[in-house]
Amino acid sequence: SMKIIPPTDCPSCSALLEQVVTDVATTLVCPNNIYCPAQTGKRLEKFCKALSVKGFGPATLAKIPATTVPELLSLTVESFLNAGFSDLMANKLHSELLDKTTKMPMDKFLEGLAITGFGATASKTVASNASSLAEAFTKTGVVSPRLTDLLQEFGIENPWIFDLEDRVITPNVVTTGTVPMAQPL
């Protein structure tokens, strides 16, 4: 029988992989989550997908000088030109980016941050119970204690989020405690 030898280094950035042991399995994780190209690319891809930013697939993201959401949001037309895009494409990508990230719905923004456990549902739940980003990242009792911890931890590790408060639109917070009825299809 063939023995599979697990890698010791990340195939994308060569960082030493860490073993994460749970009741279910032992997984190998790259600890270099800020600078590992495989992880940063996927993170930006998820962000662009959640906010429906068109044209920012893996090929585009691999070319641009951004590995974090704040870097992505601060790209200029020049950034795209310097990355080798044509004049037309640079302007097109830049205006699409501005168009989709100047007023971001909070639930889509949260979903796009790729926080562990925060898919569309948890993001919607948090967003519909918060009147600001600060509240979204600190309010308890909205999602499970584990998700609340993950969200708070993410907020502490990524303080830049709160600089985007004016770019994130909060939904109308329901304060009456009643849930609107689902509309029939």
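Residues are numbered from 1 along each chain as its sequence is written, and side-chain values use heavy atoms, with hydrogens and water left out. Because the model is predicted, local features need pLDDT of at least 70 and side-chain atom pairs count only at pLDDT 80 or more, whereas totals for chains, interfaces and linings use all residues.

The chain contains nine helices and four strands, taken as DSSP runs numbered from the N terminus (helices: H or I, at least four residues; strands: E, at least two). Their order along the sequence is β-β-α-α-α-α-α-β-α-α-α-α-β. The C-alpha trace spans about 60 × 55 × 35 Å along its principal axes. Of the 185 residues, 34% are buried, where buried means under 20% relative accessible area, exposed over 50%, and partly exposed in between (1.4 Å probe, protein chains only). Among contacts (heavy atoms within 4.5 Å) with a separation of 6 or more, 50% join residues 24 or more positions apart.

The largest nonpolar core comprises 42 residues; such a core is a set of buried Ala, Val, Leu, Ile, Met, Phe, Trp, Tyr and Cys residues joined through side-chain atoms within 4.5 Å. Phe56, Ile64, Leu72, Phe80, Phe109 and Phe137 have the most contacts inside this core. At least two core residues come from each of H1 (37–50), H3 (69–73), H4 (77–82), H5 (87–101), H6 (106–112), H7 (120–127), H8 (133–136) and H9 (145–157), and H9 provides the largest share, four residues. Beyond four places in sequence, Phe56 touches Glu45, Cys48, Leu61, Ile64, Leu72, Phe80, Leu93 and Leu97.

A second, separate core of five residues includes Cys10, Leu17, Cys30 and Cys36. Cys30 is located in the loop between strand S2 (26–29) and H1 and counts as buried at 11% relative accessibility. Residues up to four places away in sequence aside, Cys30 touches Cys10, Cys13, Ala15, Leu17, Cys36 and Gln39. The C-alpha atoms of Cys30 and Leu16, 14 residues apart in sequence, are separated by 7.0 Å.

The end C-alpha atoms of H5 lie 21 Å apart, in agreement with the 21 Å that its 15 residues should span at 1.5 Å a residue; the expected span is 1.5 Å times one less than the number of residues. Buried positions in H5 are Ala90, Leu93, His94, Glu96, Leu97 and Thr101. These residues cover an arc of only 160° around the axis and are therefore on the same side of H5, the arc being that of the directions from the helix axis to the C-beta atoms. Asp87, Leu88, Lys92 and Asp99 are exposed on the other side of H5. The buried residues of H5 pack against H1, H2 (58–63), H3, H4 and strand S3 (104–105).

In H7, Ala122, Ser123, Val126 and Ala127 are buried. Their directions fall within an arc of 130°, so these residues line one face of H7. The cover of the buried residues of H7 includes H6, H8 and H9.

Ser79, in helix H4, is buried with a relative accessible area of 15%. A polar atom of the Ser79 side chain lies 2.8 Å from the backbone nitrogen of Thr76.

Definitions and conventions:
Polar contact = N/O pair within 3.5 Å; in protein donor to acceptor, adjacent residues only side chain to side chain.
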